[in-house]
Amino acid sequence: MQVNWTGVFPAVATQMNKDGSIDYDMTAHQIEALIKAGVDGLVMLGSVGENAALEPEEKIAVLKLAVEVTNGRIPVLSGVAENSTQAAIRYVQKCEELGADGLMLLPGMIYTADPRENIEHFRSVAAKTKLPIMIYNNPGAYRIDIKPEEFNQLADVKNLVAIKESSGDPRRITDIYNACGDRFVLFCGMDDLVMETQVLGAVGWISGFTDAFPQESVALWKLLSEGKYKEALEIYRWFTPVLHMDVHAKLVQYIKLAQEMTGVGKAHVRAPRLPLVGEEMERIRATIQKAIDTRPKL
């Protein structure tokens with residue numbers, strides 16, 4: 001199965017009201033702003049989209065909204081973060097019905113599967129949908145590390161087409177290529193490794209802080225894709241203090257605060273996440289404000 005997934009795919013935040021309910025109008029506004037900025041695709045309901053904190057019917061409503069607002073202009077993928085393989089199968093089949101263009105599939109939540117169980121999970125879900133699937137590897141967040149040789153064991157599954165690599169080790173890009181050749185489309189999954197992984201062969205970037213700084217993210221990726229590394233490095237060095245926040249446990253709060261400060265979203269999150277307070281709020285706000293004050297001319 002062939003896909004044309006390349007470029008900047010923001011992990012879109014699910015916008016909330018102060019009471020924790022979903023703000024569908026602001027979510028739609030955010031999607032439109034991202035498309036206008038020139039992103040190449042959208043990943044709804046990933047970690048930044050607070051997937052695990054949403055009710056099943058809310059996930060369906062958010063994805064339906066994204067498909068309708070996007071209206072075929074760019075691909076719309078949905079994160080799949082369920083506790084059981086059967087629940088994941090039910091969800092991906094609903095995504096197919098709603099017109100999603102693809103899926104970003106996580107290992108089963110809560111249970112720390114071993115490699116045999118994990119591979120069976122991906123195979124079982126992929127067998128029940130015709131949609132192309134990106135496998136999401138994020139051992140720091142989800143306690144399961146999918147090794148390059150394990151990806152190779154999935155190479156015969158035709159609709160497993162891409163990998164979001166978030167191990168934090170840019171050497172993994174090369175290791176996956178050496179193990180699997182060009183079988184999978186490789187995406188950078190950590191904001192503060194985008195330049196390093198692009199140089200090594202990643203053809204796309206699933207980014208959190210694109211939600212708050214979409215023009216800068218698109219410009220950075222364009223320069224990297226054109227091999228203009230000196231110009232890209234200027235933007236990357238400006239951006240990196242903010243991008244480091246993407247790998248923190250509170251990345252959702254940090255990204256949403258940045259969205260509020262740049263005027264493209266709200267800082268509200270859903271419990272058990274809580275708003276930032278005290279010294280942490282002051283420190284994060286100061287870092288974001290410095291980035292706003294020193295934004296590069298594009």
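Biologist: What should I know before reading the values?

Modeller: This is a predicted model, where local features need pLDDT of at least 70 and side-chain atom pairs count only at pLDDT 80 or more, while totals for chains, interfaces and linings use all residues. Residues are numbered from 1 along each chain as its sequence is written, and side-chain values use heavy atoms, leaving out hydrogens and water.

Biologist: Why is the pair Glu50 and Lys256 called a salt bridge?

Modeller: The term asks for a side-chain nitrogen of Lys or Arg within 4 Å of a carboxyl oxygen of Asp or Glu. For Glu50 and Lys256 the N to O distance is 2.6 Å, so the pair qualifies. By this rule the count comes to 16 salt bridges.

Biologist: What makes the pair Glu50 and Lys256 a tie between parts of the chain?

Modeller: Glu50 lies in the loop between β2 (42-44) and α2 (56-70), and Lys256 lies in helix α11 (residues 251-262), so the pair ties together parts that are 206 residues apart in sequence. Helices (H or I, at least four residues) and strands (E, at least two) are DSSP runs, numbered from the N terminus. Glu50 and Lys256 also belong to a network of salt bridges with Arg273.

Biologist: How do you know whether Lys59 and Glu82 are buried or exposed?

Modeller: Buried means under 20% relative accessible area, exposed means over 50%, and partly exposed is in between (1.4 Å probe, protein chains only). Lys59 has 6%, so Lys59 is buried. Glu82 has 15%, so Glu82 is buried. Their side chains meet in a salt bridge at 3.0 Å, N to O.

Biologist: Why do Arg172 and Asp145 get separate labels for accessibility?

Modeller: Arg172 counts as buried because its relative accessibility is 11%. The side chains of Arg172 and Asp145 meet in a salt bridge at 2.6 Å, N to O. Arg172 lies in helix α7 (residues 171-180) and Asp145 in the loop between α5 (139-142) and α6 (148-152), so the pair ties together parts that are 27 residues apart in sequence.

Biologist: How do you know that helix α10 falls short of a straight helix?

Modeller: The expected span is 1.5 Å times one less than the number of residues. Helix α10 (residues 229-243) has 15 residues, so a straight helix would reach 21 Å, but the end C-alpha atoms are only 18 Å apart. A kink of about 35 degrees lies at Arg237, shortly before Pro241; the bend is the angle between axes fitted to the seven residues ending there and the seven starting there.

Biologist: How does helix α1 stand against its expected span?

Modeller: Helix α1 (residues 24-37) has 14 residues and reaches 20 Å from its first C-alpha to its last, close to the 20 Å expected. Its buried residues include Thr27, Gln30 and Leu34.

Biologist: What makes Gln259 buried, and what is Gln259 in contact with?

Modeller: Gln259, in helix α11, has 0% relative accessibility, so Gln259 counts as buried. Contact means heavy atoms within 4.5 Å. Leaving aside neighbours within four places in sequence, Gln259 is in contact with residues including Ala13, Gln30 and Asp211.

Biologist: Why is Tyr229 called partly exposed?

Modeller: Tyr229, in helix α10, has a relative accessible area of 34%, which is in between the limits, so Tyr229 is partly exposed.
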